[in-house]
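Morning, everyone. Please bring the model up on your screens.

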Amino acid sequence: MSMQEWIERKRDGGTLAREEIEALVAGLVRGEIPDYQTAAFLMAVYLRGMDEAETTALTSAMLRSGAALDLSAIAGAKVDKHSTGGVGDKVSLVLAPAVAACGGSVPMISGRSLGHSGGTLDKLESIPGFRVGLTLDELCAQVADLGAVFGAATSDLAPADRLLYRLRDATTTVASVPLITSSILAKKAAEGIDGLVLDVKTGSGAFMASPRAARELARSLVSTAERLGVRAVALITDMSQPLGAAIGNSVEVLEAIETLRGKGPRDLVELVTRLGAEMLLLAGLVPDLRVGRRRIARCLADGSAFRRFHSIVARQGGDVAAIENVGLLPRADLHTLIESPVSGYVRSIDCRALGAAACALGAGRRRMEDVIDHGVGLMCMRKVGDAVEAGEPLLLVLYNDAARCAAVRPALEAAYVIGAERPRARPLVRARLAGATCRERS
Ligand code: URA
């Protein structure tokens, strides 16, 4: 069989056998398949999809294309969380230390910001000296010693994903459920975890904006993870407005620190508590979700989650003075307000527009090689359902470049819809999907 025949079969709606997918991924990593054939294959998958068996075979082959963390020397189940990405989503910064403080082991390998959505590594690098480029040995040792680590994917972790992602980006084939599933899970399974909680976002700031698409992705992620032997649960959560108030890098670290000290915004605390409870349950550290939620809430309130974060920052070379005194974190020199033109209630927020504006101010990158300005960002001073008077602030814009600020102002002014009636409150967690091994609980 040849690549040409595999492309033809996928193009015509057929399926590939496990051995064929393995041979394809092996050929890709050995550099034997030209980009034009890989690109054609990706487009065929994008248009025709893959069934569960094919998606699992692709994920497994991508996982085995490189090295993996060996955490077998650490007692107990290793668990992690993956979010499909959003705006103001600083959950990981709070969740990993909180779960570690409750006895969990969390090897959190994270990504960087791209487009409108932020990235955990960029946020952490707001802390002067914080080092995310750890070796596999350093990652493992820190999980053993502190229960949690924040690291970047090393080049030998699921290298097939990097090769495929570069071409997916260039061929507009990113938004394919089997390709997203295999990309996310190959990297997560390479962490050597036993359980995975998936935070699949839906709403205007999400990658999968519609609830139907979010559910389809959540189902695919959970069933493929379980087929790979990783117990999985997905929560479908709201991203129709930013999580918390801060959007950016140092401002999100600051809000995460407040949350770790028991003073976080309600929505962020709720999501950390819900996801943390799922992780503790997957790790077998609590008998049910109710106890899990209580344990997470307690470690935020009693300072143990913050102390664990402090130890992680120190271990990864970060300046702990900057998390003890957040005034030392990078700050933008300039600020301005976006005010409401009318009185009423916030009916909706164009969450993607806020993420894109923060990115354009310098908080994110349009291309991987762009340089981040850690001090800039936005603070949402009104959220959906809040009352506002004409002339009162909706947003605080933190910036360093007046031209960039002027360029994003119209989009920020248009992002809020104010109406006469208060909209109905919507739940933050829309649904929970559990794999077969977790199905008995809700
Ligand atoms: N995140 C990933 O890691 N891969 C995708 O394909 C999409 C989001």
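A quick definition before we start. Ala, Val, Leu, Ile, Met, Phe, Trp, Tyr, Cys and Pro count as nonpolar; Asp, Glu, Lys and Arg are charged; the others, Gly among them, are polar. And keep in mind that this is a predicted model.

Now, the ligand. Which residues surround it? They are Y165, R168, I180, S183, I184, K187 and F207. Sort that shell by type and you get four nonpolar residues, one polar and two charged.

Take R168: an N or O atom of its side chain is 2.8 Å from an oxygen atom of the ligand. S183 places a polar side-chain atom 2.6 Å from a ligand nitrogen. For K187, a polar side-chain atom lies 2.5 Å from an oxygen atom of the ligand.

Where does the ligand sit? In the largest pocket. Two elements give two or more residues to the shell: α8, residues 159-170, and α9, residues 177-189. The largest share comes from α9, with four residues.

Now move to S126. Find the loop between α6, residues 120-124, and α7, residues 136-146; S126 is there. Is S126 buried or exposed? Buried, because its relative accessibility is 2%, and the cut-off for buried is under 20%.

How values were computed: Residues numbered from 1 in each chain as written. Predicted model: local features only at pLDDT ≥ 70, side-chain atom pairs only at ≥ 80, totals over all residues. Heavy atoms only, no water. Near = heavy atom within 4 Å. Polar contact = N/O pair within 3.5 Å; in protein donor to acceptor, adjacent residues only side chain to side chain. 1 Å grid on protein atoms, 1.4 Å probe; cavity = no way out; pocket = protein on both sides within 12 Å on 5 of 7 lines; lining within 4 Å. Sits in = over half its atoms within 2 Å of the grid points. Buried < 20%, exposed > 50% of the residue type's maximum accessible area, 1.4 Å probe, protein only.
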